[in-house]
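Have the sequence and the 3D view open while you read.

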Amino acid sequence: MAANPQESDLTTSELVEVRRSNVHGLGVFAAKRISKGTRIIEYVGERVSHDEADRRYEEKDANDSHTFLFIVDSKTVIDAGVDGNDARFFNHSCDPNCESTVEKRRVYIEALRDIDAGAELTYDYQIQREDDDPDNIDEVFACRCGFPQCRGTMLWPTERKPKRSKPKKKAKTASAKRGKTAAKTATGKKTKTAARKTATTAANKKRAAPQKNSKKKTKRGGRSR
């Protein structure tokens with residue numbers, strides 16, 4: 001795609017304006033006609049490690065689909081919640097008129113087609129799935145872009161991997177039960193009691209510990225250069 005000749009500083013852009021969106025919250029709209037291939041704005045914010053991004057958002061409500069995090073590479077995440085610009089307000093769509101690109105570890109939003117003034121600007125978030133995602137993850141990150149062929153989710157891949165079923169435990173036989181009963185001694189009873197106390201203490205500690213949510217949810221670049 002052709003790049004905007006005035007791209008040395010795209011942290012702000014005269015091509016866009018932020019206002020209320022029918023898709024979700026605030027959105028970004030074309031302030032004037034934008035030609036296909038135009039590099040519109042850079043996605044900026046504080047650059048942190050994946051571990052730091054996890055730490056910052058570990059207490060985030062698991063039912064909150066809002067995210068300002070964008071993956072740059074395997075080492076870096078942009079947190080647009082800190083020192084971010086208008087790019088953080090772009091909404092997701094399954095039929096986007098823009099796309100995100102990563103070039104030299106910087107993230108840009110570019111026009112996929114000619115866009116008329118006043119149109120809302122969108123791109124595909126492709127938010128990553130995690131193996132430990134809760135069962136309702138597609139409901140939390142549901143897409144409401146209104147596209148007739150909307151895939152129904154902001155997540156990528158579009159379908160989650162089926163969870164592996166745990167192998168069933170073998171039932172104990174009558175002879176095994178009898179053997180276990182016969183093997184019990186006074187010492188064995190004491191050991192069992194001590195083990196039960198230890199297990200109870202561990203369970204209490206587990207209940208007392210604060211429950212953390214799954215890893216942070218991040219947007220991903222559509223293309224890398």
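## Starting from Asn91

Asn91 is found in strand β7 (residues 91-92). Strands here are DSSP runs of E with at least two residues, helices are runs of H or I with at least four, and both are numbered from the N terminus. Before going on, some ground rules: residues are numbered from 1 along each chain as its sequence is written. This is a predicted model, so local features need pLDDT of at least 70, side-chain atom pairs count only at pLDDT 80 or more, and totals for chains, interfaces and linings use all residues, while side-chain values use heavy atoms, with hydrogens and water left out.

Back to Asn91: is this residue buried or exposed? Asn91 is buried, at 7% relative accessible area. Buried means under 20%, exposed means over 50%, and partly exposed is in between, using a 1.4 Å probe and protein chains only. The Asn91 side chain reaches the backbone oxygen of Leu26 at 3.4 Å. That is a polar contact, meaning N or O atoms within 3.5 Å; within protein, one must be able to donate a hydrogen and the other to accept it, and residues adjacent in sequence count only if both atoms are side-chain atoms. Not counting residues up to four places away in sequence, Asn91 also touches a list of residues including Ser21, His24, Gly27, Glu120, Leu121 and Tyr123. Contact here means heavy atoms within 4.5 Å.

Leaving aside neighbours within four places in sequence, Tyr123 is in contact with residues including Tyr43, Phe70, Phe90, Asn91, Cys98, Ile109 and Lys219.

The largest nonpolar core has 34 residues, and Ile34, Ile40, Tyr43, Phe90, Cys98, Leu121 and Tyr123 touch the most other members. A nonpolar core is a set of buried Ala, Val, Leu, Ile, Met, Phe, Trp, Tyr and Cys residues joined through side-chain atoms within 4.5 Å. β2 (26-30), β3 (39-43), β8 (98-103), β9 (106-111), β10 (120-123) and α2 (137-140) each supply at least two residues of this core.

## Around β9

Five of the six residues of β9 are buried, so this strand is largely enclosed by the rest of the structure. β9 runs antiparallel to β3, joined by four bridges, and Tyr43 stands opposite Val107 in β9. Six bridges join β8 to β9, also antiparallel; here Ser100 stands opposite Ile109. Two strands count as paired if DSSP finds at least two bridges between them. β8 and β9 form a hairpin with two residues between them, and Lys104 in the turn has a positive phi of about 50°.

## Salt bridges

How many salt bridges does the structure hold? There are 13, each defined as a side-chain nitrogen of Lys or Arg within 4 Å of a carboxyl oxygen of Asp or Glu. Three of them are set out below.

| Pair | Closest N to O distance |
|---|---|
| Arg39 and Glu110 | 2.7 Å |
| Asp124 and Arg151 | 2.8 Å |

Arg39 and Glu110 form a salt bridge, and this pair links distant parts of the chain, with Arg39 in β3 and Glu110 in β9, 71 residues apart. Arg39 counts as buried at 1% relative accessibility, and Glu110 does too, at 1%.

Arg56 is partly exposed at 29%, whereas Asp79 is buried at 1%. Both belong to a salt-bridge network that links Glu46, Glu52, Arg55, Arg56 and Asp79.

Then there is the salt bridge of Asp124 with Arg151. Asp124 lies in the loop between β10 and β11 (127-128) and Arg151 in the loop between α2 and β12 (155-156), so the pair ties together parts 27 residues apart in sequence. Asp124 is buried at 15%, and Arg151 is partly exposed at 25%.

## The three-stranded sheet

An open sheet of three strands runs in the order β4-β6-β5, with antiparallel pairing. β4 (46-48) and β5 (69-71) stand at the edges with a single partner strand each, so one side of each has no neighbour in the sheet. β4 pairs with β6 (residues 77-79) over three bridges, and Val48 stands opposite Val77 in β6.
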